[in-house]
Amino acid sequence: MHGVLAGIGWAYLIESQHGLVLVDAGSRGWERRILNVLKMLGRDDLRLILITHAHLDHYGSAAAIRRATGAPVAAHRDDAPAMIRGETNLGTVRSWGKLIDWSMPVVQRVLKPPSTQTDIFVDDGWRLDDFDLNAVVVHTPGHTPGSISLVVEGGLVFAGDLVSARGWPHAQWFYATDWSEIGKSITRLKTYNPAWIYTGHSGGAIRGDAFQKIKLPRNHRG
């Protein structure tokens, strides 16, 4: 059996039979929060740090957590170069995303991640059996070229910033390197019939039935 052992902001600890998997690592400095949660839980068995996409608020603490725990960092090969450079590519911004884009130079100076090496390059269909987790990586590009989602046994999906539950379940609409891929990625993820979808910046999970009803604006479709 697998389950979400803890949610730390938009980073998630998943418990498998013989250890833990961390999905996303938060911004630079979040390592203290995540390591404190591990200590509080009495766990020293983190086996993998899986990054859903190369934005500083999702991989910023990955290198520090790797140093502290020895757990390798896994990411899609299309996002690995940005992580090496400590970059965040927002792509084309829309709506309130323009405010983040405007402030990004300052945010980068304050929270710029260190160069983060990818130890394991994951592709679509990559399985986590070696980490005692019955789960598969699904390539869900659009937000970034290498955005991924993790589909775990029991109907749990960790989708990064592909969708949001803030206000109501909806497609992410602030930034994308390829808007035409957003709809394709959501449509593909729906075929897995997830029970719960855990996302970034949403304050809660999306029920599977609500996820299936997400409507895509025309300009999100390919």
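This is a predicted model: local features need pLDDT of at least 70, side-chain atom pairs count only at pLDDT 80 or more; totals for chains, interfaces and linings use all residues.
In what order do the six strands of the open sheet stand?

**Stop 1**

Select β1, β2, β3, β4, β5 and β7. These six strands form an open sheet in the order β1-β2-β3-β4-β5-β7, and the pairing is mixed. At the edges stand β1 and β7 (120-122); each has a single partner strand, so one side of each is left without a neighbour in the sheet. On average, and ignoring direction, neighbouring strands of the sheet are turned by 25° against each other. As background, strands of a sheet pair through backbone hydrogen bonds, either parallel or antiparallel.

**Stop 2**

Select residues 3-8, which make up strand β1, together with β2; the two run antiparallel and are joined by five bridges. Within this pair, Val4 stands opposite Ile14 of β2. β1 and β2 form a hairpin with two residues between them, and Gly9 in the turn shows a positive phi of about 65°.

A hairpin through two residues connects β2 to β3. Two facing pairs may be displayed here: Leu13 stands opposite Leu22 in β3, and Tyr12 has Val23 of β3 as its bridge partner.

Now colour β2 (residues 11-16) by accessibility. Why is this strand described as largely enclosed by the rest of the structure? The reason is that five of its six residues are buried.

**Stop 3: helix α1 on the sheet**

Select residues 31-41, helix α1. This helix packs on the sheet and touches β1, β2, β3 and β4 (46-50), while its direction makes about 135° with that of β1.

**Stop 4: helix α3 and its meeting with α1**

Select residues 62-69, helix α3, which lies across β3, β4 and β5 (73-76) and runs at about 165° to β4. With both helices shown, one finds that the axes of α1 and α3 come within 9 Å and cross at roughly 35°. The crossing is right-handed.

Which residues meet where these helices touch? From α1, display Glu31, Ile34, Leu35 and Leu38; from α3, display Ala64, Ile65, Ala68 and Thr69. The residues of this contact divide into six nonpolar, one polar and one charged.

Remain with α3 and display its buried residues, namely Ala62, Ala63, Ala64, Ile65 and Arg66. Their cover includes β3, α1, β4, α2 (56-59) and β5. Just beyond the end of α3, select Gly70, which takes a positive phi of about 80°.

**Stop 5: Thr88**

Finally, select Thr88, in the loop between α4 (80-85) and β6 (92-93). Is this residue buried or exposed? Its relative accessibility is 14%, and Thr88 therefore counts as buried. Display Leu56 as well: the side chain of Thr88 reaches the backbone nitrogen of Leu56 at 2.8 Å.

Definitions and conventions: Residues are numbered from 1 along each chain as its sequence is written. Side-chain values use heavy atoms; hydrogens and water are left out. Helices (H or I, at least four residues) and strands (E, at least two) are DSSP runs, numbered from the N terminus. Buried means under 20% relative accessible area, exposed over 50%, partly exposed in between (1.4 Å probe, protein chains only). A polar contact is a pair of N or O atoms within 3.5 Å; within protein, one must be able to donate a hydrogen and the other to accept it, and residues adjacent in sequence count only if both atoms are side-chain atoms. Two strands pair if DSSP finds at least two bridges between them. Axes are lines fitted to C-alpha atoms, for helices over the stretch in contact, and angles run from 0 to 180 degrees between N-to-C directions. Contact means heavy atoms within 4.5 Å. A crossing is left-handed if the near helix is turned anticlockwise from the far one by less than a right angle, and right-handed if clockwise. Ala, Val, Leu, Ile, Met, Phe, Trp, Tyr, Cys and Pro count as nonpolar, Asp, Glu, Lys and Arg as charged, and the others, Gly among them, as polar.
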